[in-house]
Amino acid sequence: MPQAVIFDLDGCLVDSETLSINAIAKEIRDMGVSDVTYDYIRDRFLGVSMRVICEHVAEQTGKTCADDFVDRVEERLFARYRSDLRQIEGVTPMLDELKDRGIPVAIATGGSIRRMGETLRISGLASYFEGTSFSADQVEHGKPAPDLFLLAAQELGVDPEACAVMEDSPHGIQGARAAGMRAIGFVGGTHLDPMRDEHRALLLSKGAAQVCETISDTLSALLLD
C-alpha cells in the first residue's frame with residue numbers, strides 16, 4: 001500500500017479536459033492560428049502547462065505570446081466551469097476511502113495556481129487538498145519533468161518511491177516515473193471517448209503500471225503494493 005497518493009486534477013478527478021481543450025483552441029484561433037482544432041490541442045498538449053502552450057503559439061505566430069494569454073483562456077474556462085464542471089463519478093468515495101485509511105493525498109497539476117484553486121472550489125473538492133495542491137507554476141520544469149511530483153512528495157513528507165500517482169496524460173505518466181513513483185493511468189474522462197484504446201496503449205508505453213477506466217478500479221490499482 002502506498003504511503004501517499006498524488007493526483008492529476010483535470011481529466012482524473014474532474015471531467016474538465018473537453019472544456020479546457022476547447023477554451024485553449026478558441027483562444028489560439030482568435031490569435032490568428034486558424035487551423036488549430038480541438039484534436040490538435042488534445043493530441044499534443046494534454047497534461048502540459050500553459051507555459052509550454054504559450055511557447056508553441058509564439059513559434060506558430062512568430063510573435064511573443066501575449067502576457068494575458070493564460071488569463072484569457074482561464075476566463076473562458078471559468079465561465080463554462082460554473083455551469084458545466086463535474087467530478088468524475090466515484091471521486092468523492094475514493095478520496096473518503098483514502099482518508100479513512102490514513103493515506104495522505106495531493107494534487108500535481110499542469111494548470112496554473114489560479115486555475116487549480118477555482119477547479120477545486122467549483123468542483124467541491126477543495127477540502128480534500130488543503131495545503132497539498134501543487135501547480136506547475138511552482139516548479140522550474142513542468143510535466144514530463146519530475147519536478148512537480150517531487151515537490152508534492154516533499155511537502156507530504158513521503159519518499160517519492162512510496163507514492164502512487166493517478167494520471168491521464170502521457171506527460172504525467174513520464175513525470176511520475178521519472179520521479180520514481182508508481183503511476184496508474186486513467187482513461188475514464190469524456191475527452192478520451194473517441195480514442196480510449198489508443199490512449200490506454202500510449203499510457204502503458206510511457207510506463208504506467210496499469211490503466212483503468214473507472215474510479216473503483218483505479219482505487220484498487222493505487223492501493224496495490
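Colleague: In which strand does Ala106 lie?
Modeller: Ala106 lies in strand 2. This is a predicted model, where local features need pLDDT of at least 70 and side-chain atom pairs count only at pLDDT 80 or more, while totals for chains, interfaces and linings use all residues. Residues are numbered from 1 along each chain as its sequence is written, and side-chain values use heavy atoms, with hydrogens and water left out.

Colleague: What makes a stretch a strand or a helix?
Modeller: Both are DSSP runs, numbered from the N terminus: helices are H or I with at least four residues, strands are E with at least two. Strand 2 covers residues 105-109.

Colleague: Why is Ala106 called buried?
Modeller: Buried means under 20% relative accessible area (exposed is over 50%, partly exposed is in between, with a 1.4 Å probe and protein chains only). Ala106 has 0%, so it is buried.

Colleague: Which residues is Ala106 in contact with?
Modeller: Contact means heavy atoms within 4.5 Å. Leaving aside neighbours within four places in sequence, the contacts of Ala106 include Val5, Ile6, Phe7, Phe134 and Leu156. Arg51 is 55 residues from Ala106 along the chain, and their C-alpha atoms are 22 Å apart.

Colleague: How do you know that strand 2 and strand 3 pair?
Modeller: Two strands pair if DSSP finds at least two bridges between them. Strand 2 and strand 3 have 3 bridges, in the parallel sense, so they meet the rule. Ala108 stands opposite Phe134 in strand 3.

Colleague: What is the strand order in the open sheet?
Modeller: The 6 strands follow the order 3-2-1-4-5-6, with parallel pairing. Strand 3 (133-135) and strand 6 (210-212) are the edge strands, since each pairs on one side only. From one strand to the next, the twist averages 25 degrees. Strands of a sheet pair through backbone hydrogen bonds.

Colleague: What makes strand 4 largely enclosed?
Modeller: 5 of the 5 residues of strand 4 are buried, so the rest of the structure largely encloses this strand. In a regular strand the side chains alternate between the two faces of the sheet. On one side of strand 4 sit Cys163, Val165 and Glu167, on the other Ala164 and Met166, and all are buried.

Colleague: How many bridges join strand 4 to strand 5?
Modeller: There are 4, and the two strands run parallel. Met166 faces Ile184 in strand 5. Strand 1 and strand 4 are also joined by 4 bridges and run parallel. There, Ala4 has Cys163 as its bridge partner.

Colleague: Why is helix 1 called roughly perpendicular to helix 2?
Modeller: Axes are lines fitted to C-alpha atoms (for helices over the stretch in contact), with angles from 0 to 180 degrees between N-to-C directions. Helix 1 (residues 17-30) and helix 2 (residues 38-45) have axes that come within 9 Å and cross at roughly 115 degrees. Therefore helix 1 is roughly perpendicular to helix 2. Angles of 65 to 115 degrees get that name; under 35 is roughly parallel, over 145 roughly antiparallel and the rest oblique.

Colleague: What makes helix 4 roughly parallel to helix 6?
Modeller: Helix 4 (residues 69-84) and helix 6 pack at about 0 degrees, with axes 11 Å apart. That angle makes helix 4 roughly parallel to helix 6.

Colleague: Is Ser112 buried or exposed?
Modeller: Ser112 has a relative accessible area of 10%, so it is buried. Its place is in the loop between strand 2 and helix 6 (113-123). Not counting residues up to four places away in sequence, Ser112 touches Glu74, Ser135 and Asp137.
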